[in-house]
Amino acid sequence: MPDTHLVTGGAGFVGSHLVLALVARGDRVVVLDDLSTGHAAAVPASTELISGRIGDADALAHAFALGPFASVFHFAALSLVGESMREPYRYMAENARNGLALIEATIAHGVKRLVLSSTAALFGAPSTIPIPEEEPVDPGSPYGESKAWLERALVWAERVHGLRSAALRYFNAAGADPGGRLGEDHRPETHLIPLVLDAASGRRPPLTVFGDDYPTPDGTCIRDYIHVADLAEAHLLALEALNERSVRYNLGNGTGYSVRQVIATAERVTGRAVPHTIGPRRAGDPPVLVASSRRIREELGWTPRYPALETIIADAWAWRQAHPEGYR
Ligand code: UFG
């Protein structure tokens, strides 16, 4: 019997790639997404899409009525570090309120497993690089804070109600489905790799590098870019682990690349120059975020299939070339 899963935010970048992976293995999926940043076109035709907000009790009831669900995946959230520094309370209130409503509904409907899309932004000024799960949670932005709250809420959901959960702390999700079916299309786009590629193709103005005076070898921020298909695979493994126990994993490749290195790699992959200028720092950006994903590798046998930055950028470039207007 195939399982049925509820995926909130399943029309978004990471969520849609997970939906594709679930559908590919024969499971049934219901997506709840308000389409504020996601795209209906990113959801497979065979998948039921409920267009609504988690904060809307009717939409949530409608979604759960399509169960029973074997598990809930929670992606739907505000997720921009920089924006959260300008609108801190909107981030904390919305992400926490919606997340709590979903957790309560999950428990009320007797679902036993929840996978939370968490973030490297839990770590504002990490003392150990690459960052292990033992690193104290100390967010550098209201966005990170809101996810830290939800991780704590899930601890209590298990102690009080027995809901098992996986908190997957993504580092920088990037790339696109290697099969070319899905890609990255944020509006407005704020993420580095899509902006670099659009600068290379001339679709957007030159990239602004946010600060070159960080304490890193070339002065620009270092991030751990992880292929979105490898992230999707990690969700499937985490789901199986929930049959035994709750888990928390940092998810990245374990290698950091500076903004300048991303630009240089994109120039090699695309064969084009990436016009760019240096601007001021963006508030809330930690200098270095690189994951130790030793724990998920050892415990669940997760191995990234697409760890090379070249591959990540090449897949993003292929989708962008085929879909210059994104999902529009
Ligand atoms: N950057 C630029 N110029 C730009 C855009 C980004 O220099 O125009 C830089 C940023 O300053 C940062 C790096 O490129 O150093 C990556 O920035 P992104 O906006 O692509 O990603 P973030 O690291 O800010 O955040 C992403 C997700 C978050 C998640 C985080 C975890 O958006 O949800 O990764 O590391 F929490």
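Hi everyone, here is a short tour of one protein chain, from its overall build down to a few residues.

First, some housekeeping. This is a predicted model, where local features need pLDDT of at least 70 and side-chain atom pairs count only at pLDDT 80 or more, while totals for chains, interfaces and linings use all residues. Residues are numbered from 1 along each chain as its sequence is written, and side-chain values use heavy atoms, with hydrogens and water left out.

Let's start with the whole chain. The protein chain has 10 helices and 14 strands; these are DSSP runs numbered from the N terminus, with helices being H or I of at least four residues and strands being E of at least two. Its radius of gyration is 19 Å, close to the 20 Å that the globule rule gives for 328 residues, so the chain is as compact as a globular protein of that length. That radius is taken over C-alpha atoms, and the rule is 2.2 Å times the number of residues to the power 0.38. Along its principal axes, the C-alpha trace spans about 55 × 40 × 40 Å.

How much of the chain is buried? Of the 328 residues, 54% count as buried, meaning under 20% relative accessible area, with exposed over 50% and partly exposed in between (1.4 Å probe, protein chains only). As for contacts (heavy atoms within 4.5 Å), 78% of those between residues at least 6 apart in sequence join residues at least 24 apart.

Now the aromatic rings. The structure holds 3 aromatic pairs. Rings of Phe, Tyr and Trp (its six-membered ring) pair if their centres lie within 6.5 Å; planes under 30 degrees apart are stacked, over 60 edge-to-face, and the rest tilted. One of the pairs is Phe64 with Phe69, edge-to-face at 5.8 Å centre to centre and 75 degrees between the planes. Both Phe64 and Phe69 are buried. Another is Trp319 with Tyr327: the centres are 4.9 Å apart and the planes at 50 degrees, so this pair is tilted. Trp319 and Tyr327 are buried too.

Phe69 comes up again when we look at Thr4. Thr4 sits in strand β1, residues 4-8, and is buried at 12% relative accessibility. Beyond residues up to four places away in sequence, Thr4 touches Arg28, Pro68, Phe69, Ala70 and Ser71.

Last stop, Ala229 in helix α7, residues 228-241. Is Ala229 buried or partly exposed? At 21% relative accessibility, Ala229 counts as partly exposed. Ala229 lies 52 residues from Asp177 in sequence, with 6.1 Å between their C-alpha atoms in space.
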